[in-house]
Amino acid sequence: MWNSFRTDARLSITAGITTYAAGGGDEVHAYVARPQADGPLPGIVLVHHLPGWDEFYQEFAERLARHGHTVICPDLYCRHGHGTPDDVAAKVRSEGGVHDDSVVADCEAALGWLKAQPGANGRVGIIGTCSGGRHALLVASRVRGFASVVDLWGGGVVMAKDQLTPARPVAPIDYTKDLDAPLLGLFGNDDQAPSPDQVDQHEAELKKHGKTYEFHRYDGAGHGFFYYHAPLYRPEAAMDGWSKVFGFFEKHLQ
């Protein structure tokens with residue numbers, strides 16, 4: 001899927017910050033990227049990570065759009081105020097984190113927004129990294145209508161009882177029976193959030209309930225191995241992972 005475009009094609013995307021009617025009807029900021037292309041297009045809800053609604057996620061949205069998807073990345077921290085992504089994320093952490101119910105409501109609204117776009121093909125996926133991977137899985141388990149879900153090393157899918165909080169009252173693994181979308185999971189074997197044992201537990205639960213999924217694990221990679229702006233980056237694993245993401249979405253959204 002990488003470098004799969006034709007050099008004589010007129011590849012073009014538009015991208016920028018807008019607002020949409022999110023959970024509870026609140027006007028929330030979102031980064032939207034879309035290709036200039038003929039024909040019906042699938043959509044993707046892009047769920048940002050705990051470092052915040054940041055520049056990496058703007059570039060992430062644009063990369064998915066270049067591969068033929070209309071992408072909306074809601075600012076899940078919008079109600080907490082504004083400033084630099086780092087400052088807002090620090091504020092959210094100090095307040096105990098964004099509530100799962102809020103994320104679910106905002107992403108469900110984003111699903112509806114995508115399906116209502118002119119030229120939409122009606123098929124929508126959801127993807128996120130780190131806490132966004134956890135949230136993507138949580139949303140797809142609680143909201144009907146997603147055609148696929150991608151969890152990139154989502155920590156906190158498996159949670160002990162003493163890790164539950166008012167913001168995160170239920171571990172996503174406990175919703176496995178309700179997941180009705182095919183799942184792709186990518187994980188580093190050096191990660192501890194999730195650890196390989198936790199990935200094993202999640203996989204066992206998916207098998208128990210007969211879910212459609214594929215997990216891929218990378219030796220020598222830890223948490224955040226897609227993050228080319230950080231020491232966590234592992235280019236070989238990341239590029240293989242991107243190919244799997246593109247292929248998975250092409251299979252289930254086109």
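This is a predicted model: local features need pLDDT of at least 70, side-chain atom pairs count only at pLDDT 80 or more; totals for chains, interfaces and linings use all residues.
Y228 is partly exposed, with a relative accessible area of 37%.

**The F56–Y228 pair**
- The ring centres of F56 and Y228 sit 5.4 Å apart with the planes at 50°, so this pair is tilted.
- F56 belongs to helix α1 (residues 55–66) and Y228 to the loop between β8 (213–218) and α6 (235–253), so the contact ties together parts 172 residues apart in sequence.
- F56 counts as buried because its relative accessibility is 6%, under the 20% cut-off.

**The W153–F225 pair**
- W153 and F225 also make a tilted pair, at 4.9 Å centre to centre and 45° between the planes.
- This one links distant parts of the chain, 72 residues apart: W153 is in the loop between β6 (148–152) and β7 (183–188), and F225 in the loop between β8 and α6.
- Both W153 and F225 are buried.

- Ring pairs join F56, Y57, F60, W153, Y218, F225, F226, Y227, Y228, Y233, W242 and F246 into a cluster.
- R63 lies over the face of W242, 4.7 Å from the ring centre.

**The cavity**
- The largest cavity has a volume of about 60 Å³.
- Its lining is made up of D151, G154, V157, V158, F187, P194, Q198, V199 and H202.
- By type, the lining residues split into 5 nonpolar, 3 polar and 1 charged.
- Helix α5 (residues 196–208) gives the most to that lining, with 3 residues.

Key:
Residues are numbered from 1 along each chain as its sequence is written. Side-chain values use heavy atoms; hydrogens and water are left out. On a 1 Å grid over the protein atoms alone, a cavity is a set of points where a 1.4 Å probe fits but cannot get out, and a pocket is an open set with protein on both sides within 12 Å along at least five of seven lines; lining residues have an atom within 4 Å of a point. Grid points are joined across faces, edges and corners, and a volume is the space filled by probe spheres set on the points. Helices (H or I, at least four residues) and strands (E, at least two) are DSSP runs, numbered from the N terminus. Ala, Val, Leu, Ile, Met, Phe, Trp, Tyr, Cys and Pro count as nonpolar, Asp, Glu, Lys and Arg as charged, and the others, Gly among them, as polar. Rings of Phe, Tyr and Trp (its six-membered ring) pair if their centres lie within 6.5 Å; planes under 30 degrees apart count as stacked, over 60 as edge-to-face and the rest as tilted. Buried means under 20% relative accessible area, exposed over 50%, partly exposed in between (1.4 Å probe, protein chains only). A charge sits over a ring if NZ of Lys or CZ of Arg is within 6 Å of the ring centre and within 35 degrees of the ring normal.
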